[in-house]
Amino acid sequence: MQIEHRPEDYPEIACDLLAYPVFEEETGDASLEFLNKTTRGALNAVLSSGEFKPELYSTCKIFKPAGLKARNLLLLGAGKKAQFEPSRLREIAGTALRSARQSAAKTLAFLCRGNHPAGLASRVAVEGALYANYEADIYKTRDKEQRDVATFLLLFERKMAQAEVKDGMRRGIILGDATNFARTLANEPSNILTPSQFAARALEMAERTGLYAKVMEREEMEKLGMNTLLAVSRGSDEPPKLIILQTHKDQAKKRAPLYALVGKGVTFDSGGISIKPSEKMEEMKGDMAGGAAVLGAMVALAQLRPRHPVIGLIPAVENLPSGKATKPGDVVKSYHGKTVEIINTDAEGRLILADAIAYARTMGATNIIDVATLTGACVIALGHVNAGMMGTDQKTIDRLRSNCRITGEGLWQLPLDEAYRKAIRSEIADVKNVGDRTAGAITAGKFLQEFVEDTPWVHLDIAGMDLDNDGHPYCCKGATGFGVRTLVNLLES
Ligand code: BES
Ligand code: ZN
Ligand code: ZN
């Protein structure tokens, strides 16, 4: 998709569809009056007839409006002006684009309204447009949606500083593309996206974007004693891979802070010997969404060149049952040195993260953020609205929380009291990998905490957020790329 800023007034823009956001209770506004006058009363006609109510995401198309060079006009409900966060601007830009796709429009012009600074507005509008122009139907050989919008024109009501708009658009393109890249990975079926293929795509993308990448093989893991990671992959014929990414070549050990992003990369989670019920098991092809988010964020950061170096670690494995698989009750010694009693082989994410987190510490990480589709318990607690957030780095947690209004990715903090530790005490080893049925998202966090020691750390449990099965007006169903914008927003400055 071609993305451009056009400084002309919107009536002068020739395009297939011009999208114009309208706020609730905005009647009497000078901008609307101008639009109404220009279109010879078309706006007021649909408002007073009730054909268009400016509720969030609502749309109303006016064909061949008078006074505009645009072929058609799309009125876009933008909700209440006071609630018009940057995340809403992103969503309605996406809604406009989906609407353009539906009517096979090739050139969409979007008028950016609201009071956001030009750079931020340009960025989120472009992110929303790219997110919306994505389709997940790559394996269809017929009835494919071939309705990509070819040109997206960004317009403003007033003259905006060119440099700010340009820079915002550049960031929006980087973030939008990185998010869609993460979505593509998570949408891939597990027969295509094996751990090896995940690593291959990481290397290929790194090459293209100037990210430094290497892959650790099984042999090396065995030498280093990464036995909680290896325990998960034992049942599979697919070899495990540890994908190691760096934004800077020499992430100099002295240049603090050094953030490490660690993403769960289980390319398929059958549960292993503690096998899952078959209903919805296919969704477990997306159990590498945390890893995809880390890779997407690293790809974006490589292009945005943050001042401080960032490392990304993605342990990639497949969790299957077989004659070689790890069994409930097995004990292994982690890379960190602590021994783990594996009570449930379906609690595998925390096992691979334990070794990757410990490895991040040996690489000199001063701050760790892990992202994982870790527990069904988190979905029960927070649904599909917020990811669970917990950890020991309260400063970063607070920053992440306040960034939500920009990123649109919901995060809600859960507690990590010492009293929850009791649930994962083992009789025969240092720790066991599951607690009882209570506070499952938190006890998973407590397990990870065993391996971060005193390094400031945040854990994001994105189970429930990685997939959008309900459908929204601004995107197709499937993987969301959740976490890419959150991580990049935090680390780009
Ligand atoms: N990948 C799952 C968690 C999950 C569940 C993600 C639903 C997305 C949607 C994870 O590996 C898992 O199986 N967790 C178990 C932990 C339990 C055995 C303590 C769970 O949540 O049931
Ligand atoms: Zn599992
Ligand atoms: Zn899992």
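**Figure 1. Donor spacing and geometry at the zinc ion (ligand 3) in this predicted model.** Along the chain, the donors of the zinc ion (ligand 3) follow the pattern K-x4-D-x17-D-x60-E. Asp269 lies in strand 10 and Glu348 in the loop between strand 13 and helix 10, so this pair ties together parts that are 79 residues apart in sequence. Helices (H or I, at least four residues) and strands (E, at least two) are DSSP runs, numbered from the N terminus. The protein donors are Lys264 (NZ), Asp269 (OD), Asp287 (OD) and Glu348 (OE). They lie 2.0 to 2.4 Å from the zinc ion (ligand 3). Donors are N, O and S atoms within 2.8 Å of the metal (3.2 Å for Na, K and Ca); water is not among the atoms, so sites may look incomplete. The site of the zinc ion (ligand 3) is octahedral, with angles of 78 to 172 degrees among its six donor atoms. Four donors count as tetrahedral if all angles lie between 85 and 135 degrees; four count as square planar and six as octahedral if opposite donors are over 155 degrees apart and all others between 65 and 115; anything else is irregular. Asp269 and Glu348 are both buried. Buried means under 20% relative accessible area, exposed over 50%, and partly exposed in between (1.4 Å probe, protein chains only).

**Figure 2. The zinc ion (ligand 2) and its donors.** Asp269 (OD), Asp346 (O), Asp346 (OD) and Glu348 (OE) coordinate the zinc ion (ligand 2), at 2.0 to 2.2 Å. Six donor atoms surround the zinc ion (ligand 2), and their angles run from 71 to 166 degrees, which makes the arrangement irregular. The donor residues are spaced D-x76-D-x1-E in sequence. Asp269 sits in strand 10 (residues 265-269), and Asp346 in the loop between strand 13 (339-342) and helix 10 (349-362), so the pair ties together parts that are 77 residues apart in sequence. Asp269 is buried, at 3% relative accessible area. Asp346 is partly exposed, at 24%.

**Figure 3. Domain 1 against domain 2.** The chain is assigned domain 1 (2-160) and domain 2 (190-491). These bounds come from an automatic or database domain assignment. The domain centres, taken over C-alpha atoms, are 37 Å apart. The contact takes 19 residues from domain 1 and 14 residues from domain 2. Contact means heavy atoms within 4.5 Å. Between them the domains bury about 1400 Å², with 57% of it on carbon and sulfur atoms. Buried area is the accessible area (1.4 Å probe) that two parts lose on being put together, summed over both. Arg90, Arg98 and Tyr131 supply 35% of the area that domain 1 buries against domain 2, more than any other three residues.

**Figure 4. A salt bridge between Glu85 and Arg405.** The side chains of Glu85 and Arg405 meet at 2.8 Å, N to O. A salt bridge is a side-chain nitrogen of Lys or Arg within 4 Å of a carboxyl oxygen of Asp or Glu. Between domain 1 and domain 2 the count is one salt bridge.

**Figure 5. Positive phi at Arg40 and Ala439.** Most residues other than glycine have a negative phi. Arg40 is not a glycine, yet its phi is positive, about 55 degrees. Arg40 is in the loop between helix 1 (30-38) and helix 2 (42-49). Arg40 is exposed, at 68% relative accessibility. Ala439, also not a glycine, has a positive phi of about 50 degrees. Ala439 is in the loop between strand 17 (431-432) and helix 13 (440-452). Ala439 counts as partly exposed, at 32% relative accessibility.

**Figure 6. Thr396 and its contacts.** Thr396 lies in helix 12 (residues 394-407). Thr396 is buried, with a relative accessible area of 3%. Leaving out residues up to four places away in sequence, Thr396 touches Tyr259, Asn367, Ile369, Val458 and Leu490.

**Notes to all views.** Residues are numbered from 1 along each chain as its sequence is written, chains are lettered from A and ligands numbered from 1 in the order in which they are written, and side-chain values use heavy atoms, with hydrogens and water left out. The model is predicted: local features need pLDDT of at least 70, side-chain atom pairs count only at pLDDT 80 or more, and totals for chains, interfaces and linings use all residues.
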